[in-house]
Amino acid sequence: MLLSAQNISKAFGSFLAVRGADLAVAEGEIIGLIGPNGAGKSTFFNCLVGDTVPTTGRVLFDGIDVTRSSAEAHARAGIGRTFQVPATFEDMTVLENVMVGAFLRHHHRGAARETALRIVEMTGLARQSGQRARSLGTPGRKRLEIARVLATGPRLMLLDEALAGLTPSELQQAIALVRRIHELGITLVIVEHIMEVIMTLAERVLVFNQGHVIAHGKPREIVANEAVIEAYLGRGHRRRRETP
Amino acid sequence: MKSILSPRVRIVLLAAALLLFPILFSGAFARDIGVAFLLAAISASAWNIVGGYAGQVSVGHSMFFGVGAYTPLLFYHLWGLPPVAGVPAGMLVSLCLAVAIGMPTFRLQGHYFSMATIAVAELIRIFVGTWDLVGAAIGLQGPAVGRAWWDLTFRSELPYYYIFLAVLAVVLYTTFEVERSRFGYYLRAIKAGERAARSLGVPVRATKLKALMLSAVFTSVAGSLYSIKTGFIDPESGFGILVSVQMVIVAALGGAGTLFGPLIGALLLVPLQTATNTWFGGGGSGLTYILYGGIIVLLARYEPGGMHEWWQRVAPRLMRRSHAA
């Protein structure tokens, strides 16, 4: 397994945000992580990327324990992540943003710039490469975050609602971009609310609710799962379905 | 819209202006202002590396300035050595101080970091003010009359002007190289967002510490130049909070995080300070605080990016207007 999270729990005081969650990701897979708001998926995500140290459990990346490693160490190991609210470097240009990522593998400016140019081209940001990040709209910023992570040369990318808030046409372009990234051999874990994205891209889906993993399987199995339907739509919906 | 002058031409013109200034303005008063301008520009450029590029607003840089200022005169006072011999020692002590201060304070962010730097600088000032070895509250004096040229006690301002100019050139060239390097990109990324920078593999604390060390060394040199030129140092003129505040204001006024911002800031602030001192004389003591306070309020309200950013916004409009006319 490329990534293996075993029995992850995270407590904030007496509140248990994640309760004994497991995840195993094989190299080359696309995994979807879904769940209603407050289900604990963001906390679980943060445990995977080194932003939060879990209270119990451990995270292995390529067989190495990275549970207590810093976010920098995660990036160096080959784990890249995007943020739910884009955290681009606003006063730097698009190309400079991507170069910050590229500097992880290239110490010299020329080599980093070359990599960054190749990536802005691939991610469709070439025309905006000289613009400051703050001049981009939300879709552009989300794309820039993906480009920046790509420049670090990751083996695993974790996308935190990277496709949320896009128009239908932007969403199709973004899905195509994620597919291109996958074709490069990069493994993906996608946290997403949009079922279209999960159904189109994910090979397996994990569903979170109240800190637990309540379902796990192929997208088609997940949408028919009673526990998932109840978590998303509530018990009333189940009763309505049962009442003729 | 591109400017008529390429960056290279602008740099050549700036260098020529700085080189020719004391020749064109040979009066002692003008040269004195020139030297004060260069010293303010060196200090603010040094502060700019950590405060401007990395966004770690230290308001305690006087600790490095003071160390740099005291060490040359201490070398003279204790062993009769030429003050200039104490400059490398000042740099080394400042470097160690930067490591000792940076390691714990870089756990803090934003205002907390700024407050911690003020506290440390004030503690050092109070300590130095009671330490007999370094002259306590009275301070230290350098050689009144130079024993040889290496005592660097000149009657004219001219040699000081060119020594200071050479140091400024070194600081600016280093900053230019930093700006273009991986280190420089990392500093700007940290300023924009530490969490995002970390997620891209930026070693945030180590990068901030390196920036503080580099900044401390150059600030120490600025302090040494000051004490060698004036031949005197006391706790207030070396470690006083106004020394730190001046660095911050000069850089912020011109444009923190830009190569020439501190120069622009010094160009505006030093003549203004000299003018207020001349007009109000001794009756204007405390006016510096009002001036600094006024500048902080105006910058925060109208132009947080400083004059450099203002000019970048205004220049294209002026160019368009002149083309249209």
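Me: Which residues of H1(A) are buried?
Reply: In this predicted model, helix H1 of chain A covers residues 41–49 and packs on a sheet, touching E1, E2 and E4 of chain A. Nine of the nine residues of H1(A) are buried, so the helix is largely enclosed by the rest of the structure. The buried residues are Lys41(A), Ser42(A), Thr43(A), Phe44(A), Phe45(A), Asn46(A), Cys47(A), Leu48(A) and Val49(A).

Me: Which residue just after H1(A) takes a positive phi?
Reply: Helix H1 of chain A consists of residues 41–49. Just after this helix, a positive phi of about 85 degrees is found at Gly50(A).

Me: What is the order of the strands in the open sheet of four strands in chain A?
Reply: Strands E1 (residues 3–12) and E2 (residues 15–25) of chain A are antiparallel and share seven bridges. E1(A) also pairs with strand E4 (residues 56–61) of chain A, through five bridges in the antiparallel sense, and two antiparallel bridges link E4(A) to E5(A). The open sheet, with its antiparallel pairing, therefore has the order E2-E1-E4-E5.

Me: Which residue in E2(A) is the bridge partner of Ser4(A)?
Reply: E1(A) and E2(A) form a hairpin with two residues between them, and Gly13(A) in the turn has a positive phi of about 65 degrees. The two strands run antiparallel, with seven bridges. Within this pairing, the partner of Ser4(A) in E2(A) is Ala24(A).

Me: How many degrees does the twist average from one strand to the next in the open sheet of six strands?
Reply: This open sheet of chain A has the order E6-E7-E8-E3-E9-E10 and mixed pairing. From one strand to the next, the twist averages 15 degrees.

Me: Which residue in E9(A) is the bridge partner of Ile31(A)?
Reply: Strand E3 (residues 30–34) of chain A runs parallel to strand E9 (residues 204–209) of chain A, and four bridges join them. In E9(A), the bridge partner of Ile31(A) is Arg204(A).

Me: Is Ala151(A) buried or exposed?
Reply: Ala151(A) lies in the loop between helix H5 (138–150) and strand E7 (156–160) of chain A. Beyond its neighbours within four places in sequence, its contacts are Val98(A), Gly101(A), Ala102(A), Thr115(A), Ala116(A) and Ile119(A). A residue counts as buried when 20 or more other C-beta atoms lie within 10 Å of its own. Ala151(A) has 27 other C-beta atoms within 10 Å, so this residue is buried.

Me: How many residues of chain B are in contact with chain A?
Reply: Helix H2 (71–77) and helix H3 (94–102) of chain A each supply at least two residues of the side that touches chain B. That side of chain A has eleven nonpolar, three polar and eight charged residues. The 22 residues of chain A in contact with chain B meet residues of chain B numbering 17.

Me: How many charged residues does the contact of H3(B) with H4(B) have?
Reply: Helix H3 (residues 62–79) and helix H4 (residues 86–105) of chain B pack at an angle of about 145 degrees, with their axes 8 Å apart. H3(B) passes H4(B) in a right-handed crossing. Among the residues that meet are Met63(B) and Phe64(B) in H3(B), and Gly86(B) and Val87(B) in H4(B). By class, this contact has ten nonpolar residues, five polar residues and no charged residues.

Methods: Residues are numbered from 1 along each chain as its sequence is written. Chains are lettered from A and ligands numbered from 1 in the order in which they are written. This is a predicted model: local features need pLDDT of at least 70, side-chain atom pairs count only at pLDDT 80 or more; totals for chains, interfaces and linings use all residues. Two residues are in contact if their C-beta atoms, placed from the backbone, lie within 7 Å. Ala, Val, Leu, Ile, Met, Phe, Trp, Tyr, Cys and Pro count as nonpolar, Asp, Glu, Lys and Arg as charged, and the others, Gly among them, as polar. Axes are lines fitted to C-alpha atoms, for helices over the stretch in contact, and angles run from 0 to 180 degrees between N-to-C directions. A residue is buried if 20 or more other C-beta atoms lie within 10 Å of its own, exposed if 12 or fewer, and partly exposed in between; C-beta atoms are placed from the backbone. A crossing is left-handed if the near helix is turned anticlockwise from the far one by less than a right angle, and right-handed if clockwise.
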